[in-house]
Amino acid sequence: MSKILVVDDSPTARAFMVDTLSSTGHHILTAVDGEEALHKASTERPDLILLDVVMPGKNGFHVCRQLKAEATTKGIKIILVTSKNQQSDRAWGLKQGADAYIAKPFDTAELFVTIAQCL
Amino acid sequence: MTKNLDKKMLNGFTREVHGYLPQIRASIDTIHTDASQGEVLEEAVRCVHIIKGAAAILGLSALCHMTSYIEETLTEIVTGQGQRDAACGVWLHYAIDKLDQYLESLLVDDGCPQAIVTDVVQAFRRFKSLPAADDAAAVEAILAGEGATRCEQEPGDEASETSTPLRHNAEMAPDDTLEALITTIDDAVRQVYDQGAPSPPHLEAGGRADRAGRYVFFTLAGRRYAVSVLHVLEISRVSLVTPVPNVPSWVRGIVNVRGEILSVIDVRTFLGCEETHQGEENRMLVVKARGDEIMTSLVVDQVMGIVPLYTIHLEPSTTPTPGNAASYLSGVYEHEGQVVAVFDLERFLLSPEVRQFE
């Protein structure tokens, strides 16, 4: 069983992800913005972070760069989950060190496969 | 249409959206009354973006589409590309009211509220002066997308859901990153040389020279420069730059690059070359130094491409360089018979002049 941190500023999106992932048996945590994500990443040490991009304060790209630059958190897998779905956004996201990128809307099976590839 | 969408989830989503609507409506009211409300409008864009993202996650693709029209209009206003006029306010208020109606109709399970989608598509297309003849096709395309979403599937239709082709699966292969792609291209080029093509000047015998890395080649005032690709995050056309008062002439202003506010430095002017050359071929390099600590964007005359260099032999620059460029060069390199000055980006970005505006 792995620990997954879901980061999204939308309560609906967080609730949906928690609901969807509850069947996988993984331990699911949530964070509402970039600052909380950074805090929980260092204190909870999740195996994987599902990270929204557009958020108040530190955005997902910023959080991704910061986590991948820290020796203690760079091993955490990061999947950017965002409705910014242009190819340039995808390439930029991967350039920030993200391990994968999923554009909203996504298929639930696609989410599960991408998570499985990362864990 | 909500047969398969959890009512509790839908109720939660509606509550969340209703929490954002007063703020969005108030922001729209400022559009043609106060042009200085940039931050208020940016917050409205963020709220609309949240609604769009949550709608997409729930599989409400028609709602997602309608919201994207609102986001597009607001973004154009924030970036100065859209008109701040009464027509814009009227369209946005209408769209927000329709969005609210659409949510209400979902809650009462009122079938597919197709009429609302049609109303919004028509209003948006009239606002954008798009031909009415294509309205029906636009509505149909949106509703077709809705049919493919999770919430429209009948109970027991899980098989079709799991058999849906994984849209991004091929693209999301772990090794399919930009770096991997570039490495593949480099290897393919090397294979051509290995098969007998003339070797590039700095490729050692046997075709396995140490690679010094890839460099972005660019020009300034007619001279060629190179900077390590490790420092370059993005190359793009020069986007909308917001001027900033009381800064040197070489700071063009600031720019929003994917949520990061960066200074825009006109390198030509900074180096004391001739007058800035502004043209279609100008490019903006988003660059970084000291890990990710320092980020800024540089305007250069032209980007020639990204070139892999092998066994780089840097020599002190003995040729005259324009302005004070020599202070920021780590040496020169001969590439295909042309002298290329290698730009020391760390030294440039860490210089006191640049640091104060970084």
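A crossing of two helices is left-handed if the near helix is turned anticlockwise from the far one by less than a right angle. In this predicted model, α3(B) passes α4(B) in such a left-handed crossing. Chain B holds 11 helices and 10 strands, and 34 of its residues are in contact with 32 residues of chain A.

**Helix pair α3(B) and α4(B)**
- Two packed helices are described by the angle between their axes and the distance between the axes.
- For α3(B) and α4(B) the angle is about 155° and the axes lie 10 Å apart.
- Angles over 145 degrees count as roughly antiparallel, so α3(B) is roughly antiparallel to α4(B).
- On the α3(B) side, the residues that meet α4(B) are L63(B), M66(B), T67(B), Y69(B), I70(B), T73(B) and I77(B).
- Their partners in α4(B) are C88(B), W91(B), L92(B), A95(B), I96(B), K98(B), L99(B) and Y102(B).
- By class, this contact consists of 12 nonpolar, two polar and one charged residues.

- Y102(B) sits in helix α4 of chain B, which spans residues 86-107.
- Y102(B) counts as buried because it has 23 C-beta neighbours inside 10 Å, where the cut-off for buried is 20 or more.
- Leaving out residues up to four places away in sequence, Y102(B) touches L63(B), M66(B), P113(B) and I116(B).
- Y102(B) and Q114(B) are 12 residues apart along the chain, and their C-alpha atoms are separated by 9.2 Å.
- M66(B), with neighbours within four places in sequence set aside, is in contact with A95(B), K98(B), L99(B), Y102(B), V117(B) and V120(B).

**Interface between the chains**
- Contact between the chains involves 34 residues of chain B and 32 of chain A.
- On the chain B side, the elements giving two or more residues are α1 (7-29), α2 (38-58), α3 (61-78), α7 (158-162) and β3 (232-237).
- The largest share of that side, nine residues, comes from α2(B).
- The residues on the chain B side divide into 13 nonpolar, 13 polar and eight charged.

**Burial and nonpolar cores**
- In soluble globular proteins, nonpolar side chains tend to be buried together.
- The largest nonpolar core here has 78 residues.
- Those with the most contacts inside this core are I49(A), L50(A), L51(A), I78(A), I79(A), L80(A) and M66(B).
- The largest share of this core, 11 residues, comes from α2(B).
- Apart from this core lies another, of 37 residues, among them V227(B), L271(B), C273(B) and L345(B).
- Chain B has 358 residues, of which 29% count as buried.
- Of the contacts in chain B with a separation of 6 or more, 59% are between residues 24 or more positions apart.

**Backbone details**
- The peptide bond joining K104(A) and P105(A) is cis, with omega about 0°.
- P105(A) lies in the loop between β5 (100-103) and α5 (108-118) of chain A.
- R45(A) is not a glycine but has a positive phi of about 45°.
- R45(A) is in the loop between α2 (34-44) and β3 (48-51) of chain A, and counts as partly exposed because it has 13 C-beta neighbours inside 10 Å.
- S129(B), also not a glycine, has a positive phi of about 60°.
- S129(B) is in the loop between α5 (114-127) and α6 (135-147) of chain B, and is exposed, with 6 other C-beta atoms within 10 Å.

Notes. Residues are numbered from 1 along each chain as its sequence is written. Chains are lettered from A and ligands numbered from 1 in the order in which they are written. This is a predicted model: local features need pLDDT of at least 70, side-chain atom pairs count only at pLDDT 80 or more; totals for chains, interfaces and linings use all residues. Helices (H or I, at least four residues) and strands (E, at least two) are DSSP runs, numbered from the N terminus. A residue is buried if 20 or more other C-beta atoms lie within 10 Å of its own, exposed if 12 or fewer, and partly exposed in between; C-beta atoms are placed from the backbone. Two residues are in contact if their C-beta atoms, placed from the backbone, lie within 7 Å. Ala, Val, Leu, Ile, Met, Phe, Trp, Tyr, Cys and Pro count as nonpolar, Asp, Glu, Lys and Arg as charged, and the others, Gly among them, as polar. A nonpolar core is a set of buried Ala, Val, Leu, Ile, Met, Phe, Trp, Tyr and Cys residues joined through C-beta atoms within 7 Å. Axes are lines fitted to C-alpha atoms, for helices over the stretch in contact, and angles run from 0 to 180 degrees between N-to-C directions. Angles under 35 degrees count as roughly parallel, over 145 as roughly antiparallel, 65 to 115 as roughly perpendicular and the rest as oblique.
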